[in-house]
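Here is a short report on one protein chain. Look over the sequence and the model before reading on.

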Amino acid sequence: MHAFSHGTTSSTAVAVPPSLALPVIEDAIPRKLHPYWPKLQEKTRQWLLEKRLMPADKVREYADGLCYTDLMAGYYTGAPDEVLQAIADYSAWFFVWDDRHDRDLVHGRVADWRRLRHRLHAALDAPRHHLHHRDPLVAGFADSVLRLYSFLPHTWNLRFARHFHDVIEAYDREFRNRTAGYVPKVEEYLALRRLTFAHWIWTDLLEPSAGCELPDFVRKHPAYRRAALLSQEFAAWYNDLCSLPKEIAGDEVHNLGISLITHEGLTLEEAVEEIRRRVEKCIAEFLEAERDVLRFAGELANGTDRGRELSVAVRACVGYMRNWFSSVYWFHHESGRYRVDSWDDRSTPPYVNNEATGDK
């Protein structure tokens with residue numbers, strides 16, 4: 001079966017391969033898009049140029065087609081424009097960082113990666129001091145983080161920083177795994193994936209989008225926590241499903257399918273089916289968890305101003321979690337990031353810069 005979405009970057013309908021089609025998303029989780037999206041795309045493109053995060057020719061040829069802003073505009077659909085812009089720029093930075101990590105690894109630039117890792121840790125703790133760093137990736141990170149830090153109290157900033165320090169270290173573990181050719185076992189991989197996919201970062205960003213820092217008792221409520229995790233697990237595993245050909249071509253070791261094939265003895269076809277099973281289970285379980293979160297939101301509305309504020313914020317956050325399913329789904333079929341068959345070299349994305357960057 002072919003499903004179609006009217007893409008955000010063109011009026012052309014996008015065909016979803018039958019092996020990747022998820023009718024429940026197409027039928028039950030309609031796609032939404034923030035009304036600021038056209039301006040968002042334009043401003044993020046400008047930001048990538050101003051911060052020198054991608055060469056100008058790459059930005060002109062590939063930035064819109066990579067659909068990075070589409071992904072965020074389909075997720076945090078009720079965020080204030082300035083919040084969404086900061087998130088979209090940070091998300092675009094994240095993809096560029098992911099590509100630098102990959103290229104440093106492919107080209108054996110171990111010292112460059114270690115240097116970048118330490119600088120990102122430093123910029124996360126003191127972004128204002130790194131705004132003019134000679135490495136554009138560090139300066140761009142500092143700029144996006146400083147903007148994200150401006151929306152909610154310092155306690156949220158500390159939590160975001162703690163979570164992203166963990167992400168940086170997880171990327172370092174991936175670097176060492178790939179250098180050694182080590183394929184993690186399934187459970188080890190899933191734990192690592194929660195960090196490299198930045199599950200808790202995207203969940204943290206629900207709060208400035210909803211205009212409210214959630215207290216611990218709300219964020220750690222079993223229903224809220226479960227819904228947040230399921231939305232992120234879906235995204236990570238569906239990404240694995242769609243990127244499996246690209247990652248096999250690039251000698252990757254971090255993909256649920258690769259772990260299943262290596263350690264569980266599955267064939268490629270069986271691994272694809274197992275990932276699909278997990279993905280579909282995530283959707284079904286989220287729809288149950290969503291109902292529990294909405295009940296919890298109703299309980300929070302206890303007649304006080306604070307109760308009403310938290311109830312509204314939780315409803316907004318779980319609505320964004322729901323959006324994540326459709327946004328991630330269509331992103332994978334619209335973004336040039338996954339069109340491996342159209343590349344001259346299946347192991348080298350055409351939108352990346354293969355040169356070493358940053359001062360020594």
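## The model

This structure is a predicted model.

## T203 in helix α10

Start with T203. This residue lies in helix α10, which spans residues 199–204. T203 has a relative accessible area of 8%. Buried means under 20%, so T203 counts as buried.

The side chain of T203 also meets the backbone. One of its polar atoms lies 2.8 Å from the backbone oxygen of H199. Beyond its neighbours within four places in sequence, T203 is in contact with A228 and Q232.

## An aromatic pair across the chain

The model has 31 aromatic pairs. One of them joins Y90 and W202.

Which helices does the pair link? Y90 sits in helix α5 (residues 81–106), and W202 sits in helix α10. The two residues are 112 residues apart, so the pair links distant parts of the chain.

Are these two residues buried or exposed? Y90 is buried, because its relative accessibility is 0%. W202 is buried too, because its relative accessibility is 6%.

## Charges over rings

Two arginines lie over tryptophan rings. The charged end of R225 sits over the ring of W200, 4.1 Å from the ring centre. R278 lies over the face of W237, and here the distance to the ring centre is 5.9 Å.

Conventions: Residues are numbered from 1 along each chain as its sequence is written. This is a predicted model: local features need pLDDT of at least 70, side-chain atom pairs count only at pLDDT 80 or more; totals for chains, interfaces and linings use all residues. Side-chain values use heavy atoms; hydrogens and water are left out. Helices (H or I, at least four residues) and strands (E, at least two) are DSSP runs, numbered from the N terminus. Buried means under 20% relative accessible area, exposed over 50%, partly exposed in between (1.4 Å probe, protein chains only). A polar contact is a pair of N or O atoms within 3.5 Å; within protein, one must be able to donate a hydrogen and the other to accept it, and residues adjacent in sequence count only if both atoms are side-chain atoms. Contact means heavy atoms within 4.5 Å. Rings of Phe, Tyr and Trp (its six-membered ring) pair if their centres lie within 6.5 Å; planes under 30 degrees apart count as stacked, over 60 as edge-to-face and the rest as tilted. A charge sits over a ring if NZ of Lys or CZ of Arg is within 6 Å of the ring centre and within 35 degrees of the ring normal.
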